Amino acid sequence: MPVLSVAAATAVTAPGQQKSLAISLVIPLPAVSPSQTNDEVFALFDAAPGLSALPVAEDDRPIGLINRNIFMDSFARPFHREVYGRKSCIAFMDKQPLIVDGGMSVQDLSFRVVDAGGKTLNDGFVITANDRYLGMGTGQDLVRAIAGMQAEKNRIVMESIDYASVIQRSFLRPSREALRSLLPDHLLLWEPRDLVGGDYFYCRRFDDGFFLTLFDCTGHGVPGAFMTLIMASFIDSALREENRQDPAAVMTEVNRRVKSALGQIDHRHKGAASNDESEHRSDDGMDAAFCWVAPAERQLTYAGAHSPLILLRPGQEIELFEGDRAGVGYASTPMDQTWRNHSFPLPPGTAVFLATDGLIDQPGGPRRIAFGKKRLCALLAEHRQAATLAPLRGVILQALEDYQGKDVRRDDVGLIGFRL
Amino acid sequence: MEDLHIPASNETPEVRFEFSRHRLSMHGESYPENAMSFYGPIRSSLQNYLEKLPADGKVEVDIGLRYFNSSSTKLIRALIAMLDQTAEGGPSISVDWLHDADDDMMLEFGSDLKDEHRSLKFNTVVAEPA
């Protein structure tokens with residue numbers, strides 16, 4: 001006796017058969033023919049309580065579908081059985097069920113089912129091959145197939161991002177190791193919002209000091225991560241023995257390289273570019289803090305592109321320096337843009353922090369406004385007596401989470417701190 | 001020309017450009033994955049409107065954003081620059097930049113915009129908490 005079941009549906013899917021086609025959903029339910037009577041249909045329904053609809057085919061061609069509930073209701077009416085019992089089963093048949101070819105994609109099928117309305121989800125649909133009746137498909141199997149495809153796609157995307165994360169992290173390893181060996185007392189917070197991200201850091205050691213940068217590229221996720229690798233390679237090649245002590249000069253050079261590589265022109269000189277044109281042109285760049293640190297002289301030189309430097313010097317209030325406003329790259333930053341160096345002595349005990357805007361701009365709190373620089377500075381100042389900076393990482397993350405509350409994380413979060 | 005209304009989504013602000021009444025407003029948050037595809041059409045319809053604005057025209061703009069990401073920042077700046085450029089040519093354009101009383105970041109951004117765009121009647125305004 002035919003019973004619509006998942007087991008049946010799975011059993012007939014031939015190996016290698018495309019999972020994404022309607023034919024994968026086919027249940028080879030024998031169709032009834034118009035020569036069969038309503039009494040016979042009643043007997044079939046009666047014997048198979050799981051059967052919600054019966055297909056009707058004439059010479060192998062589907063002509064309709066008998067819905068169980070409609071049939072049973074009609075048949076139960078007074079005298080209907082006596083009148084219709086021996087007549088053709090097409091009396092109570094739906095003459096316009098959804099009929100699809102087995103080669104239709106499951107996705108197209110799902111749109112057809114939705115268009116056909118609720119009855120198709122309940123009754124199921126007829127699957128054919130070369131217009132010949134093949135079997136039935138159920139709404140439930142269709143939903144299951146769609147959910148499975150969705151999960152599969154999701155898995156593939158996530159695996160791909162997982163691997164991107166491995167690559168992005170491995171590029172960070174030399175900088176991470178440089179930080180570790182140069183700065184026994186440091187703190188590193190690198191939290192991409194989506195496994196990979198647009199925040200990045202770079203550190204290179206020289207004989208007389210080290211060059212440290214923290215930067216935030218446009219975008220997050222995969223596009224952001226692309227940008228970080230591009231930027232890191234530009235920084236790596238722009239930074240040389242001759243300019244290591246001049247972060248502003250390195251920044252200027254990186255800006256030129258980025259703009260040339262991404263084919264950026266200055267919108268202001270271009271007038272109103274058509275949307276189509278500007279849509280395909282890169283307006284990508286980064287906010288960045290570049291630092292040269294000379295431990296022997298206890299001196300730091302900082303150049304900032306819309307990215308702050310925070311200093312906690314012993315016996316002084318916490319200080320935040322904004323740097324220059326222009327970003328590196330970006331269509332609106334001119335090719336010949338320059339940045340300024342600022343030098344600071346670092347008396348023993350001074351803590352230096354660099355931070356991207358992910359932390360500062362995160363909305364939250366009772367009024368759902370930005371975390372803010374003031375809050376960050378207060379938090380850092382509060383822990384100025386800490387023996388080492390590393391534990392501050394957890395403190396900052398906790399403060400961010402508490403503040404963020406139920407709000408979603410908006411951006412990647414990056415913060416580096418050290419004491420010489 | 002036709003008014004532009006884009007309802008707010010999680011990642012994009014509500015945009016209500018009532019060109020017929022010369023009132024333009026933008027409220028909410030802005031962190032779409034592709035900011036250009038969101039702001040591109042907004043920019044072109046604003047451009048169309050501003051081009052036809054007579055020299056004695058008067059426009060009121062209010063912008064109240066709680067959060068925007070860095071790529072949105074560029075495009076919001078570009079919109080303000082377009083308004084400023086138009087105002088240079090005669091029309092009176094006032095911009096109210098709404099921010100929460102405690103949101104020093106948003107106030108700071110508004111103050112920067114005010115400094116950079118001198119042809120606009122630019123005001124930073126403390127918004128009533130929603």
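Tutor: A term is needed before the rest: a nonpolar core is a set of buried Ala, Val, Leu, Ile, Met, Phe, Trp, Tyr and Cys residues joined through C-beta atoms within 7 Å, and a residue is buried if 20 or more other C-beta atoms lie within 10 Å of its own. The model is predicted.

The helix is α3(B), residues 104–116 of chain B. Its 13 residues reach 18 Å from the first C-alpha to the last, close to the 18 Å expected at 1.5 Å a residue. Five of its residues are buried: Met105(B), Met106(B), Phe109(B), Gly110(B) and Leu113(B). They lie on the same side of α3(B) because they cover an arc of only 135° around the axis. In general, an α-helix has 3.6 residues a turn, so residues three or four places apart point the same way. On the other side of α3(B), Asp112(B) and Asp115(B) are exposed.

The cover over the buried residues of α3(B) comes from both chains. From chain B it includes α2 (70–88), β5 (92–99) and β6 (121–126), and from chain A it includes α12 (357–361) and β17 (369–370).

Those two elements of chain A also belong to the contact between the chains. There, 21 residues of chain A are in contact with 18 residues of chain B. On the side of chain A that touches chain B, the elements giving two or more residues are α11 (275–279), α12 and β17. The residues of that side divide into six nonpolar, five polar and ten charged.

As for the chain that holds the helix, chain B has three helices and six strands, which run β-β-β-α-β-α-β-α-β from the N terminus on. Chain B has a radius of gyration of 14 Å, which agrees with the value near 14 Å for a compact globule of 130 residues. Its C-alpha atoms fill a box of roughly 35 × 30 × 25 Å along the principal axes. Of the 130 residues of chain B, 37% count as buried. Among contacts in chain B with a separation of 6 or more, 67% join residues 24 or more positions apart.

The largest nonpolar core has 98 residues, of which Met231(A), Met251(A) and Val95(B) touch the most other members. Strand β9 (residues 285–294) of chain A gives the largest share of this core, seven residues. Leaving aside neighbours within four places in sequence, the contacts of Met251(A) include Ala288(A), Phe290(A) and Trp339(A).

Note on methods
Residues numbered from 1 in each chain as written. Chains lettered and ligands numbered in written order. Predicted model: local features only at pLDDT ≥ 70, side-chain atom pairs only at ≥ 80, totals over all residues. Helix = DSSP H or I, 4+ residues; strand = E, 2+ residues; numbered from the N terminus. Expected span 1.5 Å × (residues − 1). Buried ≥ 20, exposed ≤ 12 C-beta atoms within 10 Å, placed from the backbone. Arc of directions from axis to C-beta. Contact = placed C-beta atoms within 7 Å. Nonpolar A, V, L, I, M, F, W, Y, C, P; charged D, E, K, R; others polar. Rg over C-alpha atoms; globule rule 2.2 N^0.38 Å.
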